[in-house]
Structures are given as structure tokens and as C-alpha cells.
Amino acid sequence: MKNSKMANVGMLAAMAVAGMFVFGCQSGKKDTAGGVDGSAYRDQIMSGEYISGDIPLYDGMRFETLNKVEDVNFYPVYFGYDTYVIPQNEIEKIAAIADFMNEMSDYLLVVEGHCDERGTNEYNMSLGEYRAQAVRDSLISCGVAPERIQTSSYGEEAPADPGHGESAWKLNRRAEFAFYTR
């Protein structure tokens, strides 16, 4: 059964890459580096305020209070230093998740934004939220219903690599995905 799920995830990823070139499901305009431009949030992030946006609650609760699905894993989406612009080479990961979510209509998703250790705690919480929101916006543009996606920021508090250098920092600038069912 697990191999079957992995084969399905692999097939979905391949279909997502093909669909991405046909339909181009990313949101926002492209920046000069070829990523998705998140300039709409730039003033807020520079002030250290992160948005709560229109993130829906499920029966008044965060999705984290529901049943977590432990056996669905996707690769994180990585970001450059001090930005929440989604790099072009990360878009296919988002497309694969969108395809999965569109096929698995009973699943809900929390996009978790993370940062490296540089910057103040307030700034990193804001940047983590903007990263999660940028990925959420892209998923919505790929057809995932907005009410099925929430965001959360961990700032620098949950590093993938606890090291102190670029090799660690690049792994910590990311968005991860947690799936839940009702």
C-alpha cells in the first residue's frame, strides 16, 4: 500500500510538471529572477507585521486540532535570503501539491513558513508568514479551494538544520506542508 501511495505521488508530480507548462498555475507576476513576486506584502513585512489574511477556520478551529495525516510527505519549498518570492525552480513542487489536494478532496493543508536564524524574532515570524502565504496563494491559483488551506509561521524556531552558516540557513528558509482530515 505504501509503495502504491508513493507511485501515486510520483505520478502526480510528473503530471503537475506537465500541467505547469500547459496551464502555468502560478499566481502573481514574475520578478526579475523568474519567481513569483510577492510585492503586495512588502511594506507589511518590512514593518515586522505579519498578516492574518483571509485564512479560514474549520468550524472555528485551526486545522491542527483535526486528524493529522502522517504518511503524506512532499518536499519543502525553499526560498532565497530575506525574501518570500517563490523561485521558479520551486514552482513544480507547489503544482504537485495542488494536484494532490485537488484529487484528495477530504484533505486540508497547513502551509508552515520557516526562516533562518538571522533577523529579529518579529521579522522572522513575519517573513515565515509571508512565505506560507505566497505558497498558499500559488496553490489557490492552481485550483485548490482557499477554505482548505491555512498558514502558520514558525519563524526561526523550528530549524531543519541547527547549524550556523549558509549550508544550514538555505535549508531553514522554507515552507513545509502538514495535511489533516476532518
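Predicted model: local features only at pLDDT ≥ 70, side-chain atom pairs only at ≥ 80, totals over all residues.
**View 1. Strand β5 and its pairing partners.** Strand β5 spans residues 174–181, and seven of its eight residues are buried, so β5 is largely enclosed by the rest of the structure. With β3, β5 pairs in the antiparallel sense over seven bridges, while strand β1 (residues 67–69) runs antiparallel to β5 and is joined to it by three bridges. Strand β2 (residues 77–78) likewise pairs with β5 in the antiparallel sense, over two bridges.

**View 2. A175 between two partners.** Within β5, A175 stands opposite V77, and A175 also stands opposite G113.

**View 3. T181 in strand β5.** T181 has a relative accessible area of 17% and is therefore counted as buried, the cut-off being under 20%.

**View 4. The largest nonpolar core.** This core holds 26 residues, of which L109, V111, V135, L139, F177 and F179 touch the most other members. Two or more residues each are given to this core by α3 (91–103), β3 (107–114), α4 (121–141) and β5, and the largest share, seven residues, comes from α3. Apart from this core lies another, of six residues, including L66, L108, V110 and Y180.

**View 5. The surroundings of V111.** Leaving aside neighbours within four places in sequence, V111 is in contact with A132, V135, L139, I149, Q150, T151, S152, A175, E176 and F177. Among these contacts, V135, L139 and F177 are listed, like V111, with the core residues that touch the most other members.

Technical notes: Residues numbered from 1 in each chain as written. Heavy atoms only, no water. Helix = DSSP H or I, 4+ residues; strand = E, 2+ residues; numbered from the N terminus. Buried < 20%, exposed > 50% of the residue type's maximum accessible area, 1.4 Å probe, protein only. Core = buried A, V, L, I, M, F, W, Y, C linked by side-chain atoms within 4.5 Å. Contact = heavy atoms within 4.5 Å. Pairing = 2+ DSSP bridges.
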